[in-house]
Amino acid sequence: MERFEEAKSVPPAPDENAIPEIKALQATAAKPFAALEKDRLARTVDLTKRYAQALEKLQSDLVRAGKLDDATAVKAARERAKGNM
């Protein structure tokens with residue numbers, strides 16, 4: 001906990017004063033975390049795009065159906081989602 005409070009990172013930032021073997025182990029341990037983060041970001045982008053498309057279609061369908069109050073609510077949701085992107 002103390003290390004996390006100081007460094008604010010997981011895995012720990014490589015220690016420049018560490019011996020080469022420890023540096024190699026730290027680099028090896030960091031790779032899976034980096035891959036997971038990259039995958040998470042890619043999934044988030046994909047999910048956000050699909051959500052925006054679904055809201056756009058829903059809003060269009062509601063306007064065609066004459067449900068303007070519902071369409072306005074969906075428009076507000078789209079704007080909130082756009083702000084979070």
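Is Glu37 exposed, partly exposed or buried, and what is its relative accessible area? Here are a few friendly notes on this predicted model, starting with that residue.

1. Glu37 counts as partly exposed, because its relative accessible area of 36% falls between the 20% and 50% cut-offs. Its side chain meets that of Arg40 in a salt bridge, with N and O 2.7 Å apart.

2. Arg40 is also partly exposed, at a relative accessible area of 43%. Both Glu37 and Arg40 belong to helix α2, where three residues, or about one turn of the helix, lie between their positions.

3. Lys57 forms a salt bridge with Asp61, and their closest N and O atoms are 2.9 Å apart. These two are both in helix α2, four residues apart, about one turn. Arg64 meets Asp61 in a salt bridge as well, at 3.1 Å from N to O. Through shared partners, the salt bridges join Lys57, Asp61 and Arg64 into one network.

4. How accessible are the members of that network? Lys57 is exposed, with a relative accessible area of 53%, and Arg64 is exposed at 64%. Asp61, at 27%, is partly exposed.

5. Val63 sits in helix α2, which covers residues 20–64. Val63 is partly exposed, with 44% relative accessibility. Setting aside neighbours within four places in sequence, Val63 is in contact with Leu68 and Ala71.

6. For the overall tally, the model has five salt bridges; among them are Glu37 with Arg40 and Lys57 with Asp61.

Notes. Residues are numbered from 1 along each chain as its sequence is written. This is a predicted model: local features need pLDDT of at least 70, side-chain atom pairs count only at pLDDT 80 or more; totals for chains, interfaces and linings use all residues. Side-chain values use heavy atoms; hydrogens and water are left out. Buried means under 20% relative accessible area, exposed over 50%, partly exposed in between (1.4 Å probe, protein chains only). Contact means heavy atoms within 4.5 Å. A salt bridge is a side-chain nitrogen of Lys or Arg within 4 Å of a carboxyl oxygen of Asp or Glu.
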